[in-house]
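Dear colleague,

I am passing a structure on to you with this email, and I would ask you to look through it before reading my notes below.

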Amino acid sequence: MQAMNVVVCVKQIPDPAAPASLDESTHTLDRTGKLILDDSDSYGVEMALQLADTEAGDEVVLVSMAPNGEVSGLRTALAMGAAKALLVSDPVLAGTDALGTAKVLAAAIRRVEPDLVIAATESTDGYTGTLPVQVAEILGLPSVTFAKSISIDGSNVKVERQTEAGYDEVESPMPVVVTVTAGVVEPRYPSFKGIMAAKSKPVETLTVADLGLDASEVGVSGSRQEIVDVSEAESRSGGEIVVDEGDGADRIVAFLEQIKVI
Amino acid sequence: MVIASTDEHEMFRKTLRDLFAREIVPYIDDWERDRTFPAHELFPKLGAAGLLGLEYEKDYGGGEADHGFTLVAGEEMGRIDCGGVPMAIAVQMAMATPALAKFGSPELKEEYLAPAIRGEMVTSIAVTEPDAGSDVAGIRTRAVREGGDWIINGSKLYITNGTQADWLCLLARTSDEGGYRGMSMIVVPTALKGVEVSRKLDKLGMWSSDTAELSFSDVRVPVKNTIGEPDRGFQQQMVQFQAERLITVYRYIGSIDRALSRTREYLLERHAFGKPLLANQHIQFTLAELSARYDMLKHYAYTTAEAAARGEDVTRFATIGKLIGARLQREVADTCLQFYGGLGYMAENWTSRFYRDSRLDSIGAGADEVMLRILARMDGFSVS
Ligand SMILES: Cc1cc2nc3c(=O)[nH]c(=O)nc-3n(C[C@H](O)[C@H](O)[C@H](O)COP(=O)(O)OP(=O)(O)OC[C@H]3O[C@@H](n4cnc5c(N)ncnc54)[C@H](O)[C@@H]3O)c2cc1C
Ligand SMILES: Cc1cc2nc3c(=O)[nH]c(=O)nc-3n(C[C@H](O)[C@H](O)[C@H](O)COP(=O)(O)OP(=O)(O)OC[C@H]3O[C@@H](n4cnc5c(N)ncnc54)[C@H](O)[C@@H]3O)c2cc1C
């Protein structure tokens with residue numbers, strides 16, 4: 001079999017551990033500070049690394065769109081073992097919505113001629129869960145969502161697709177876009193050697209023009225989505241504390257029945 | 001040069017923090033209760049991350065890392081919620097292996113250093129004996145040459161990782177010269193006939209770390225297992241002690257910082273006399289002063305690390321850092337426990353473990369008085 005190209009879409013996001021802020025006028029997340037690898041994407045990176053047989057020449061290539069030429073998150077994924085990265089960064093991308101992002105990523109992914117494209121089911125910050133299927137649509141590729149495992153079988157992928165009841169076994173020809181759910185594999189830690197090796201791995205930075213896209217398709221002008229208002233989420237109420245006086249189990253059952261969980 | 005300041009150092013710090021949070025922290029209570037931890041399960045994971053051979057040669061699986069990574073490693077080890085496991089790791093990376101890495105033959109390094117770096121073999125440093133601790137020159141364990149072998153007889157006491165070790169870096173008398181001469185450092189596989197764990201020792205603290213008394217009766221080890229030059233063991237051990245003291249100092253930086261910040265958080269929440277405990281000026285000033293002294297220690301440790309990174313002799317730095325740091329850590333542990341009140345004294349609370357574990361640092365790796373003895377000589381405060 002020919003060597004395989006596995007693309008992993010990785011989003012670089014503001015560190016969830018540090019308090020984020022919204023831009024007052026656009027209501028979008030402030031992304032000017034240092035960004036990190038979205039935890040959700042570390043599972044996709046791990047899966048890709050497990051699938052790629054580096055001795056056979058398989059390569060894991062990262063694709064990301066992020067502001068200000070940000071590479072910190074990419075370096076983390078490179079330190080885990082990915083071979084190289086494509087970063088799309090361009091001031092005209094400011095304000096790009098999910099569909100615009102999908103167009104950009106699809107154009108970047110196309111350059112790699114992938115056999116398999118992996119993304120997370122949803123990102124930690126934007127959380128729309130729409131991007132990977134949009135990418136698949138633009139590239140004219142099949143997509144399989146909610147994978148808990150992926151294996152390669154000749155020119156097909158076999159995916160165990162999580163459902164509420166268990167999982168479906170799905171098979172698809174490659175190339176294909178597969179989204180993986182968080183927590184299904186244990187992402188490896190970037191080792192000391194991986195970290196040092198990542199320093200010299202290639203990261204190619206591309207602009208919208210490099211991708212042959214028209215600036216009007218992206219950015220604020222290309223966005224069909226506009227955030228008109230944000231409001232504070234209701235703070236959680238305190239809940240009810242039940243002191244167990246021997247009838248704790250019954251009261252829990254009664255409560256669950258009341259909210260129609262059982 | 002600003003030590004440990006690159007993105008790579010930060011990334012490695014995160015790797016260690018995540019690794020420890022996943023592979024160590026959830027099990028600490030169990031390991032403390034068991035009075036040991038599964039070194040053969042844990043160490044390969046640490047080895048895979050590169051922790052166990054940071055500065056060692058790549059030829060044997062090391063990273064040839066700059067010394068800043070060792071500083072980062074020590075700090076993060078210090079942040080772990082117990083002293084025992086970090087001590088055991090420190091033995092593997094900086095107490096039992098530095099002499100082998102520096103003075104050992106290629107064959108010996110291939111056979112014993114490489115698997116220690118991978119975490120597949122667990123190691124101990126075996127110097128202390130029932131009748132000789134501070135005064136290393138007093139050791140009595142003997143290795144007598146017979147053909148191509150050493151025949152070893154004697155015993156070693158308080159050996160960390162001693163019930164699980166695959167090999168020991170053993171210091172033994174190999175000639176009758178006495179004093180600081182005539183000692184050799186020998187790699188002794190514990191599977192050999194005549195090596196016994198004579199006792200597993202119970203301790204005030206450091207419960208998750210196993211400590212053993214070992215006995216040696218007619219143990220036959222090839223002479224090629226000698227690290228470096230025969231009869232230069234004492235001098236090599238003095239070099240090895242430097243690495244041990246450095247990592248110890250870096251651990252204080254992590255442990256003290258974590259203790260002070262946890263205590264600050266608790267005292268903000270805990271109310272007495274109608275206000276948070278932290279609203280009392282007495283508590284504020286006590287903690288501010290410890291924080292100030294911590295800051296001085298931290299800068300001292302970083303300066304130490306920078307000197308070590310430049311390849312300078314850091315004996316004085318390591319000695320002062322070890323002494324002052326151990327004492328500060330004990331004082332911090334005592335103060336945090338005090339301000340936590342009854343909860344501070346409870347076994348379930350981190351303060352009591354920190355208090356027990358910290359006590360060792362003024363004794364192990366050279367007692368405070370041994371540090372003072374070295375300093376008194378260096379600074380001209382001694383006559384003999
Ligand atoms: C109004 C608005 C303004 C925006 N402004 C900007 C901006 O100024 N600059 C900017 O860079 N982005 C901007 N974005 C894009 C946004 O950050 C997301 O990349 C995009 O909307 C995808 O949405 P999501 O995070 O909900 O993706 P989801 O569909 O939840 O993501 C699923 C998976 O797709 C992949 N993925 C998603 N986004 C990316 C990405 N960017 N790179 C690589 N893989 C990805 C990841 O694997 C991710 O886990 C803006 C979005 C909106 C809606
Ligand atoms: C938990 C634990 C783990 C250990 N792990 C190891 C290990 O892995 N390998 C190993 O080889 N050893 C190990 N040790 C041994 C440790 O290094 C020694 O206990 C330490 O060096 C002190 O030696 P000693 O116990 O023989 O005390 P002694 O030498 O008997 O000294 C007793 C006390 O006398 C004082 N003192 C000593 N010399 C002087 C002086 N010149 N002037 C004034 N006061 C002095 C000090 O306060 C000292 O604490 C460990 C010890 C403990 C408790």
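Which of the 23 residues around ligand 2 come nearest? Please keep in mind that this is a predicted model. The residues that come nearest to ligand 2 are B:Val127, B:Gly133, B:Ser134, B:Thr160 and B:Glu369. Strand E1 (123-126), strand E3 (149-160) and helix H13 (368-378) of chain B are the elements that give two or more residues to this shell. By residue type, the shell around ligand 2 holds 11 nonpolar, eight polar and four charged residues. Because domain 2 (124-229) and domain 3 (235-378) of chain B both give residues to the shell, ligand 2 lies between them.

In chain A, the peptide bond from A:Met174 to A:Pro175 is cis, with omega near -5°, and A:Pro175 is found in the loop between strand E9 (167-173) and strand E10 (176-180) of that chain.

In chain B, B:Ala4 has a positive phi, near 55°, and its place is in the segment before helix H1 (7-23) of chain B. B:Ala4 is buried, because 24 other C-beta atoms lie within 10 Å, and the cut-off for buried is 20 or more.

B:Phe273 also has a positive phi, near 55°, and lies in the loop between strand E9 (271-272) and strand E10 (275-276) of chain B. B:Phe273 counts as exposed, because it has 8 C-beta neighbours inside 10 Å, and the cut-off for exposed is 12 or fewer.

Key. Residues are numbered from 1 along each chain as its sequence is written. Chains are lettered from A and ligands numbered from 1 in the order in which they are written. This is a predicted model: local features need pLDDT of at least 70, side-chain atom pairs count only at pLDDT 80 or more; totals for chains, interfaces and linings use all residues. A residue is near a molecule or strand if its C-beta atom, placed from the backbone, lies within 6 Å of it. Helices (H or I, at least four residues) and strands (E, at least two) are DSSP runs, numbered from the N terminus. Ala, Val, Leu, Ile, Met, Phe, Trp, Tyr, Cys and Pro count as nonpolar, Asp, Glu, Lys and Arg as charged, and the others, Gly among them, as polar. Domain bounds come from an automatic or database domain assignment.
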